[in-house]
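Welcome! Here is a short briefing to read alongside the structure, arranged by topic so that you can follow it piece by piece.

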Amino acid sequence: MDNRQIKPIQVGVVGLGLMGSSIVVSLLASGYPVIALAPVPGEKEKAAKHIGDLLRHANGAGILPKGISSCVDALKLVEDYQQLADCRVVLECVVENQEIKRRVYEQIADSVDNSAVIASNTSAIPISELQRLVPNPGRFLGIHWAEPAYMTRFLEVTCGQDTDLQVAEYIVSLGLRWGKEPTLLKKDIRGFITNRLMYAVYREALSLVEAGHTTLTDADKAFRYDAGAWVTLMGIFRRMSFMGLEDSLNTFKRLFSQLNNREDVPAIMQQLVANEAKGIHNRSGLYTYTEENAKKWEAAFAQFNRDIYELASRYNERQLPLTRKEHIL
Ligand SMILES: NC(=O)c1ccc[n+]([C@@H]2O[C@H](COP(=O)([O-])OP(=O)(O)OC[C@H]3O[C@@H](n4cnc5c(N)ncnc54)[C@H](O)[C@@H]3O)[C@@H](O)[C@H]2O)c1
């Protein structure tokens with residue numbers, strides 16, 4: 001069926017911080033009506049302003065086909081959970097704290113129909129654990145977005161042990177209609193897919209820096225100018241078909257035993273966090289920033305998001321089909 005013929009369902013977003021607001025804008029941009037719930041007293045006004053700023057940014061990037069006012073018409077900002085009653089899918093985006101999430105689920109479940117899907121944007125809490133906190137675990141799963149949600153195609157759908165696979169597949173199809181390139185993780189493994197990939201890289205890079213083999217800046221440079229030169233077009237396995245499989249195999253043989261396999265967290269990270277470094281947000285951390293430099297980086301990142309979104313859409317997977325054989329693994 002043509003996706004455009006399907007009437008958009010009502011979606012709820014609970015928690016309007018960094019990610020929640022950005023997810024609201026992504027849903028509105030794809031034509032979905034949204035009930036956005038501010039769970040903390042006083043957050044509604046702040047969120048309204050923030051979502052307005054993001055809508056202007058999205059509009060400037062040309063990704064609001066119907067313009068800002070139709071998005072505003074499709075948005076209802078609320079504080080009362082009962083207003084979620086008609087939502088078919090509710091996305092929880094509150095702080096990464098299981099007890100807070102539990103209280104939020106209780107209120108969502110009291111307000112929506114038993115057949116509604118409840119999803120968490122958690123980065124690290126196992127979906128199988130969160131699923132125990134809702135009355136209908138079969139209709140609970142992880143929907144993990146990347147920031148800024150309205151300018152990225154990433155969407156990781158994760159099943160917990162009790163998630164109904166048909167519900168997960170429905171969410172994947174919904175993700176396509178939200179303009180994403182969803183992936184489905186049928187088993188709830190710690191860190192899902194992206195975090196496992198990225199944290200393996202972090203462990204290696206931090207260990208190289210800690211051992212004095214390279215600097216942080218050079219590790220960043222190597223990653224940026226190597227992976228950065230192809231990663232928007234292809235993933236790591238597609239890259240291998242261009243590099244040569246035999247070469248890759250030989251490198252695996254030589255390198256796997258040399259890679260870091262530590263379980264402790266490198267001291268450099270522990271010290272920074274103990275000293276309350278928050279990176280660009282408080283201008284201190286692995287890099288230091290002057291006010292002027294931080295503003296330049298923030299502006300560059302906003303512009304880059306627009307550019308890369310546009311670039312990725314020129315090479316999307318409908319033009320470059322994902323033909324593959326999966327019988328080997
Ligand atoms: N920041 C990212 O890039 C990112 C990426 C992927 C997933 N996530 C996940 O998304 C979720 C939200 O992250 P964020 O970065 O938007 O956080 P945030 O701190 O910007 O916002 C968290 C929101 O939680 C809500 N909240 C705070 N205290 C609460 C309470 N006591 N009761 C109910 N609600 C409360 C508020 O609405 C607040 O705005 C987390 O689970 C996080 O792991 C974040």
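Helices (H or I, at least four residues) and strands (E, at least two) are DSSP runs, numbered from the N terminus. This is a predicted model, in which local features need pLDDT of at least 70, side-chain atom pairs count only at pLDDT 80 or more, and totals for chains, interfaces and linings use all residues. Residues are numbered from 1 along each chain as its sequence is written.

**Annotated regions**

- UniProt positions are given in the numbering used here, with feature names shortened, and the annotations may be inferred rather than shown by experiment.
- An unreviewed UniProt entry places "domain: 3-hydroxyacyl-CoA dehydrogenase C-terminal" at residues 191–289. That stretch is 56% helix and 0% strand in the model, with its end C-alpha atoms 30 Å apart.
- The unreviewed entry also has "domain: 3-hydroxyacyl-CoA dehydrogenase NAD binding", covering residues 10–187. Here the chain is 38% helix and 21% strand, and 28 Å separates the end C-alpha atoms.
- A "transmembrane region" is placed by UniProt (unreviewed entry) at residues 12–35. In the model, residues 12–35 are 50% helix and 21% strand, and their end C-alpha atoms are 5 Å apart.

**The nonpolar core**

- A nonpolar core is a set of buried Ala, Val, Leu, Ile, Met, Phe, Trp, Tyr and Cys residues joined through C-beta atoms within 7 Å. A residue is buried if 20 or more other C-beta atoms lie within 10 Å of its own, exposed if 12 or fewer, and partly exposed in between, with C-beta atoms placed from the backbone.
- The largest core has 58 residues, and those touching the most other members are Val13, Val24, Val90 and Leu141. Helix α1 (residues 18–29) supplies the largest share of this core, seven residues.
- In soluble globular proteins, nonpolar side chains tend to be buried together.
- Two residues are in contact if their C-beta atoms, placed from the backbone, lie within 7 Å. Leaving out residues up to four places away in sequence, the contacts of Leu141 include Ala119, Ile127, Val157 and Ile171.

**Leu37, a buried strand residue**

- Leu37 belongs to strand β2 (residues 34–37). It counts as buried because it has 31 C-beta neighbours inside 10 Å.
- Beyond residues up to four places away in sequence, Leu37 touches Gly12, Val13, Val14, Val78, Glu79, Tyr81 and Leu84.
- The C-alpha atoms of Leu37 and Asp80 are separated by 7.3 Å, although the two residues are 43 residues apart along the chain.

- A residue is near a molecule if its C-beta atom, placed from the backbone, lies within 6 Å of it. The ligand has 21 residues around it, and Gly17, Leu18, Met19, Val94 and Ser123 come nearest.
- The elements giving two or more residues to this shell are α1, α4 (98–111) and β6 (140–145). With three residues, α1 gives the most.
- The shell has eleven nonpolar, seven polar and three charged residues. In this scheme Ala, Val, Leu, Ile, Met, Phe, Trp, Tyr, Cys and Pro count as nonpolar, Asp, Glu, Lys and Arg as charged, and the others, Gly among them, as polar.

**Two helices checked by length**

- The expected span of a helix is 1.5 Å times one less than its number of residues.
- Helix α7 (residues 194–210) has 17 residues and should span 24 Å, which agrees with the 24 Å between its end C-alpha atoms. Just after α7, Gly212 takes a positive phi of about 80°.
- α12 is hardly covered, as one of its 24 residues is buried.

**Loops worth a look**

- Glu147 and Pro148 are joined by a cis peptide bond, with omega about -5°. Pro148 sits in the loop between β6 and β7 (154–159).
- Glu276, in the loop between α11 (267–274) and α12, is a residue other than glycine with a positive phi, near 60°. Glu276 is exposed because 9 other C-beta atoms lie within 10 Å.
- Arg283 lies in the loop between α11 and α12, and its phi is also positive, near 65°. Arg283 is partly exposed, with 15 other C-beta atoms within 10 Å.
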